[in-house]
Every structure is written in C-alpha cells, then in structure tokens.
Amino acid sequence: MINKPIITIKNLSFAYQKENKILKNINLEVFENDFLGIIGPNGGGKTTLLKIVLGLLKPDKGSILVFNKKPKKVRDFVGYVPQFLKIDLDCPVSVLDIVLMGILSKKSIFQKYNKEDLKLAKQALKFVDLWKLKDKQIGELSGGQRQRVYIARALIRDPKLLILDEPTASIDEKSEKEFWELLKDINKNSAVIIVSHDIGVIFKHVNKVACLNKRLYCHSTNEMTNEMLDKTYKCDIELLGHGLPHRVLKKH
Amino acid sequence: MEILTYNFFQNALLIGILASIACGIIGPFVVAKRISFLSGSIAHSSFGGIGLAYFLGFNPLIGAAIFSVMSALGIGVVSKKFKKNEDAAIGAMWSLGMAIGLVFIYLTPGYSADLFSYLFGNILMTSFTDLFLAVTLNIIIITSVFIFYRWFSAIIFDEEFAEVTNIATFPIYLFLLCLVALTIVILIRIVGVILVIALLTLPAASAQTFNKSFKKIIPWSIFFGCLFTTTGIFLSYYLNMPSGPMIIFVACLVYAGFLICDRLRLLQ
C-alpha cells in the first residue's frame, strides 16, 4: 500500500492580531494511517491549527491541503470531536439526537431520518458502547460517556480523518483507558489527530508526535528507542513548563 | 362568569392562547440558546416600527413586525460578526429602536391615547385584525419550526460542529431570530414591548426544569403560556388591574416556584 499524505501544510502562518503570530511557518504532513498527537503549552496554537485544518480559519501565509483540496471542500471526510467545555449540558437533546446531528448536513430540508440513518446511528453508538443510553439527555451522562457520544457523532460520518481537541480533559482514568482502546480501533480505518497538553499518556499510543509552540516540530515515535522515548518524555515535561519544547525535538 | 359572554373578553382569551402557542414553540429555543437578552433587544427595537406606523397612519403591529424582523437580522449580524462588542452592540440596538419610536411619536400630531398599550400591553383592546395577524404569524412559526426543527437544535447544541459539517449555521441562526421577532409581534398586543421578554422565556424556562427534550418542552410551554395569560386576564378583571402586569406576575410566581423546587430536588 502506498501511503499518501492526506494533509499537507507548507510554510503556514496565522495571527489573530497583527504582529502577534500564533503559528509561525508550520510544515506538516499527515498520512492516511497516521495516529498523530499534537502537544504543546496552552496558547501554543494547538486549537488554532485544528481550526485551520477544519476550515474554520484561513491561514495568513502558506498553504494547506486536506485530501488534496481546500479544507472547506473536504469536510465530508473529516470527523471532529470538540473541546469539552464548549458544550451546554442543559441543552434538551438526547444522545441519539446528537449522534444524528453528524449526518444532518447530508439531509435535505424535507428529508426525514430514514431506517438507514438510524442503523448508522445504532452502529456508531454500539461501537462506543452507548446504545442503551440513547434516550438520555446529554447532561445525565458522565464525562467519559459524553466524550464517547461526541466520538459517535463524528464516526457516523464515516470519516477518513478524525480530529480530537483535548479529549482526555475531565474524564476519569478508567474511561481514559477505554478511550485509547477505542481510538486504536478507529485508527485501523482512519487517520487520527489528537491534541492534548496531557503529554504523559499520549506517547504510549500515537505513532507521531508534533510539538507546537508557535513553531512546530514533528517526529515519529516508532523511530525512537525506549531510552530515547524516556528522555523525550522527561525532557518534554520539563521543557513544556519552560515553554520551549522545540529544543528537545531538535535533538532527535 | 357572565364576563365570558362579552365579545372583548373572548377575544382577549383567544389572543392569549394564540400568543401562548407562538411563545411555547419559539421560547424553548430562546432559552436553550441563551438569547433572552438578545430577544429583549429585538422586542424593544420593534417600538421604532410602532412609532413609524403612528406617524404614517397604518396598523402599529405591522410596523412592529417590519422593525422587529429588521432588527433581528441586524442584531444577528452584529452578534456574530462583531463578537467582541456583542453585548454593548445589542444594548445599543435596544435603545436605538426605542429612540426612533419616540421621535416618530413626537412628530405625530395629536395625542396618542393607546400608545401605552403597546408599551405595557392591553389585551382587552384586541381587535379582529390583531387576531387575524396572530393566526397568520402562528401558521408561519409552526410550519417553520416543523421543517427546521433539527437544524435549530443542531446550531443550539453545538454551532461549531454544525459549521464543520457544512451546515449553513449563520442563515439558520438569522432565520431563528426572525421567528423570535414574529413571536414578539404577537406578544406585544398582550404584554407590550417592555414586558415581552418574560412571556417569551418563562413558559419555556418553567417547562425545562422538569423536561429534557424539545419535544416535551414545547407542549408544556404552550400549556404554561395559556395558564399564565388566562389566569392573568381573570385576575386583571377581578382586581380591576391592567392585564399585562397581572400576566407577568403569574408567570414570575410560577417560574420562581419551579426554580425553588428544582433547587430543593438538587439538595436532596
């Protein structure tokens, strides 16, 4: 199998306010079976980079291609799991309603959800082991369960690329373990990009790590020996505290 | 109960029910999307249209409809495109509409006797035209929500996700605000522009304390709307008080009751 790049980012820069660049000269390639972890300090531009990949923001300089097209054009192939805190838990919608929102854009105004759609929803909810809770309101679920609802909502779109923004924040240890198992399964059919400042766990699961603090440095975890991984691990934690993660990556 | 045989009283009850249907359907979306303040701004700026109608001599509710829809679109654009200044900008639109209305009324010769009724509502002055207008607006609101229900809940629950799945979130948001504007027009007859916001949100907010899906909240808020308006109208008759404030008293009292019950349930 030839491994084609599905995301190609070249010399990309972005600033919310002039002269205060949050992303500087980013270069990145993501391949179709990659499991990429993006780590970096808060304010380092992780979410901004995701927003550019999702076509919510346009880069000031440089280019980005997703599946060889502009990000907005390929959204049908992309699944997105947003940050935890953004969602209003009082909203009166059920788990099943939420999962079906994943395919709402494929429906025309007068088209009801049909049996096929419900089957897809059932499949997605069974995959994340939540079918029994389909009628619950979102606020009635635990943190880990909610996270899986958002994953099901992304999976019902049958994505070729799954993007998760800080997914492990505010879920307990047991749920987190199940969560990584789930992602490993998903990675069999789809590329996965996961953003996290929780660097402790991420190294065990991903095959590529990108360190982002305005600039981005990327390398493969497979190429590293255990010893090196140990080093990176420690250094990274320390250096992230200093806001200079790139120094570590230059060594590799 | 002799009062029930009077035509004006029957009209009052009828428009109360028609308004309850409209706010029972739209209110839950306003409450869930947390745009009560924004809706208050739409309501107040519709006063500009009432003033204009006085000045040019046509039905003030038509003027209110035009102005409230226009300000809904304006406020919608401001709230999304000038995110940073949203709060102050909405406040500005709020006062601007009122100011425009007052200028027009000042320019209109003669004394505007029933102006007060548009500010605070007077359900006992309901005309046949008002009823006809309310029915028409209700038909528009019911049909729209029936068709767009799933899109409204999608942008209310998670607008960003809807956006990245290529749903036209901004036009849908503006459309929802226009429906809010039309609902407000029906409510103006009953409680007036100043008190509208309570009747728009309290039936839905009450219903939301013990229901967890739009499909259940909507019928319950229609029921609460009917309860608030009807009780208010009877109180207004027996206590010889204006109808708008009576309706608001009932609504606030019931909502406060639900809030306290909800609080107690959490403490248990």
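In chain B, residues 24 or more positions apart account for 74% of the contacts with a separation of 6 or more; two residues are in contact if their C-beta atoms, placed from the backbone, lie within 7 Å. This is a predicted model, in which local features need pLDDT of at least 70, side-chain atom pairs count only at pLDDT 80 or more, and totals for chains, interfaces and linings use all residues. Residues are numbered from 1 along each chain as its sequence is written, while chains are lettered from A and ligands numbered from 1 in the order in which they are written.

**Overall form of chain B**

- Chain B contains 11 helices and 0 strands; helices (H or I, at least four residues) and strands (E, at least two) are DSSP runs, numbered from the N terminus.
- The radius of gyration of chain B is 18 Å, close to the 18 Å that the globule rule gives for 268 residues, so chain B is as compact as a globular protein of that length. This radius is taken over C-alpha atoms, and the globule rule is 2.2 Å times the number of residues to the power 0.38.
- Along the principal axes, the C-alpha atoms of chain B fill a box of roughly 55 × 50 × 35 Å.
- Of the 268 residues in chain B, 50% are buried. A residue is buried if 20 or more other C-beta atoms lie within 10 Å of its own, exposed if 12 or fewer, and partly exposed in between.

**Two loop residues of chain B**

- B:Arg34 lies in the loop between helix H1 (7-33) and helix H2 (36-45) of chain B. Its phi is positive, about 55 degrees, although B:Arg34 is not a glycine.
- B:Arg34 is exposed, with 12 other C-beta atoms within 10 Å.
- B:Asn240 is placed in the loop between helix H10 (214-239) and helix H11 (243-267) of chain B, and its phi is near 55 degrees, a positive value in a residue other than glycine.
- B:Asn240 counts as exposed, with 7 C-beta neighbours inside 10 Å.

**The nonpolar core**

- The largest nonpolar core has 148 residues, of which A:Val99, B:Leu187, B:Val196 and B:Leu199 touch the most other members. Such a core is a set of buried Ala, Val, Leu, Ile, Met, Phe, Trp, Tyr and Cys residues joined through C-beta atoms within 7 Å.
- Helix H9 (residues 169-208) of chain B gives the most to this core, with 25 residues.
- Leaving aside neighbours within four places in sequence, B:Leu187 is in contact with B:Ala19, B:Cys23, B:Val196, B:Leu199 and B:Leu200.

**Contact between the chains**

- Chain A contributes 19 residues to the contact and chain B contributes 22 residues. On the side of chain A that touches chain B, helix H2 (residues 95-101) of chain A gives the most, with 3 residues.

**A strand of chain A**

- In strand S8 (residues 208-213) of chain A, 6 of the 6 residues are buried.
- A:Lys208, A:Ala210 and A:Leu212 point one way from S8(A), and A:Val209, A:Cys211 and A:Asn213 point the other way. In a regular strand the side chains alternate between the two faces of the sheet.
- Strand S3 (residues 35-39) of chain A runs parallel to S8(A), and 4 bridges join them; two strands pair if DSSP finds at least two bridges between them.
- A:Leu36 stands opposite A:Lys208 in S8(A).
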